[in-house]
Amino acid sequence: MIIAGIKLTFLGMTVVFLFLLLLVFCVNISFRFLSAANAREQAEMEAATLLKRRRSLTTKSTDEVLVAVISAAIAAHRARTLLVR
Amino acid sequence: MRNKKVAIGFALVFFLLFPSALALAGTPSAEVPATRQELAPMGAMVTEFAKSTGLFGYLSPASGKWTEGIGSILMAGVGLLMLFLAINKGFEPLLLVPMGFGCILANIPLAGIANPGGIIDYIYQIGIKTGVFPLLIFMGVGAMTDFGPMIANPKTALLGAAAQFGIFSTLIGALVLTEIVPGIHFDLFDAASIGIIGGADGPTAIFLASQLSPDLLGAIAVAAYSYMALVPIIQPPIMRALTSPAERKIRMTQLRYVGKAEKIVFPLIVLGLCMLFLPSAAPLIGFFMFGNMMRECGVVERLSKTTQNALINIVTIFLGLGVGSRLSAESFLNLETLGILFLGVIAFGIGTASGILMAKLMNRFSTIKINPLIGSAGVSAVPMAARVSQKLGMEEDPENMLLMFAMGPNVAGVIGSAVAAGVLLTLKNLVV
């Protein structure tokens, strides 16, 4: 019966390897066919994220400018009141 | 006060009306058998009732076999142990809680819950013997699996193939045990069902065992799920022993972007290969890929969500109970179960080792190196095995993130073990 087991192992491992090798082969082929669509999809996604980032960047910068202006005004006001005293 | 009066009124009406209504309902009809009207003498009644208690069932089983007496108590202990492991140690609680409880239910003397006609026997007959529950679970697993990492680096799928060597070496191991240990008798079907434990894939193991050797189903399911929970303990020593620190530090190149179209085509490719070369694996691979198609196609999100959550949860409850119903003392408390538990560890160990060795072999012939630690993830057990690879990689180099790379062989391992199960299912035709 052990011989039967060894035969089964040989068959089984061969089938598993061949199946997954074929799968690797087919996945590579599908990549070749679909790489153009992939590139387009990726470019669109990157454009979208870039747009989002730019938007957040601009809003952030206006905030920063506002903060800077206000803090400068406060500083100037304090300096003046100090001088007056 | 008023409420009290109303209540008393109602009680009076009830006690006056009810007996008179009964009396008016007439004399007992002639069809009622005379035997249902008299009770045995009080002494006999007490003895009969005592005989119908569980205590009596444990101490003096009707069949006189120890497996139905003290064996049931021991099996209830096994059920409690499973509950303890699930609740206290976090071992696969989703399955071990229903399974442990099912085991306790199945071993209540005289109740016969797991005997033909009992509730959990029905669950077993409907869902597990037919193979329906494991396949539905497999569909849910497909809906939860992202094949992206494997599609991005398809070569790593070969690691998932190599790790299946654990299945077949255990099959040989089971046959060797039969030859050398008196009291253990596994035939080829049993050996195949035991070997599949090495696939580290619960539903596949239950499906194959239910088809090839239903008698061993309980022990095989317990071994498969217990060892899957023990992956973080079984694998690391083997991984450390087979790799050098330099190998563990290997950094892998970043995975490429995988498009939506590629992910939709993938389940069709796998299914096509199955159709052409291995129809015996069609139930497993078909359901697995159907689940994955629902996930990736993007137009049936409701179905995909249901499959991933509600459906798989419902089926898991019944799968656990159904497996629990097979945990009787007669089929569990014997030398063969010990053999299965022993072989299960060996299966996981060999699967882990062969995945790592395959990765090292591939590095010999390729300029793009792969970290051999991801080879061990080939033994399915998604995503536990991949997490173990990540952890060991980080031990050596805290900035080396292996998780996504390990998911490649990990999900390939699921396909690999389904293919191996397909080959083993053809045993029915191969045996002369």
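Chain B of this predicted model contains 23 helices and 0 strands. Helices (H or I, at least four residues) and strands (E, at least two) are DSSP runs, numbered from the N terminus. The C-alpha trace of chain B spans about 95 × 60 × 45 Å along its principal axes. Of the 432 residues in chain B, 52% are buried; a residue is called buried under 20% relative accessible area, exposed over 50%, and partly exposed in between (1.4 Å probe, protein chains only). The accessible surface of chain B is about 20000 Å², and 70% of this surface belongs to carbon and sulfur atoms. Accessible areas were computed by the Shrake-Rupley method with a 1.4 Å probe, and for residues only the protein chains shown count as cover. Among contacts (heavy atoms within 4.5 Å) in chain B with a separation of 6 or more, 77% are between residues 24 or more positions apart.

The model being predicted, local features need pLDDT of at least 70 and side-chain atom pairs count only at pLDDT 80 or more, while totals for chains, interfaces and linings use all residues. Residues are numbered from 1 along each chain as its sequence is written, chains are lettered from A and ligands numbered from 1 in the order in which they are written, and side-chain values use heavy atoms, with hydrogens and water left out.

Chain B also meets chain A, with 47 residues of chain B in contact with 29 residues of chain A. The area buried between chain B and chain A is about 3200 Å², and carbon and sulfur atoms give 86% of it. Buried area here is the accessible area (1.4 Å probe) that two parts lose on being put together, summed over both. Phe168(B), Tyr257(B) and Leu273(B) supply 19% of the area that chain B buries against chain A, more than any other three residues.

Between the two chains, 0 salt bridges were counted, a salt bridge being a side-chain nitrogen of Lys or Arg within 4 Å of a carboxyl oxygen of Asp or Glu. Across the interface of chain B and chain A, 4 residue pairs are in polar contact, both residues at pLDDT 80 or more. A polar contact is a pair of N or O atoms within 3.5 Å; within protein, one must be able to donate a hydrogen and the other to accept it, and residues adjacent in sequence count only if both atoms are side-chain atoms.

Helices of chain B that each supply at least two residues of the side touching chain A include α10 (165–180), α16 (260–277) and α22 (403–425). The most comes from α16(B), with 10 residues. Glu262(B) is placed in this helix, α16 of chain B. Glu262(B) counts as buried because its relative accessibility is 1%. Apart from neighbours within four places in sequence, the contacts of Glu262(B) include Ser30(A), Phe31(A), Leu34(A) and Asn38(A), as well as Arg256(B) and Tyr257(B).

Some backbone features lie in loops of chain B. Most residues other than glycine have a negative phi, and most peptide bonds are trans. Val382(B) and Pro383(B) are joined by a cis peptide bond with omega of about -10°, and Pro383(B) lies in the loop between α20 (335–365) and α21 (384–396). Leu110(B), not a glycine, has a positive phi of about 70° and is located in the loop between α5 (93–106) and α6 (119–128). Leu110(B) counts as exposed, at 56% relative accessibility. Ala200(B) has a positive phi near 50° and is found in the loop between α11 (188–195) and α12 (202–212). With a relative accessible area of 2%, Ala200(B) is buried.
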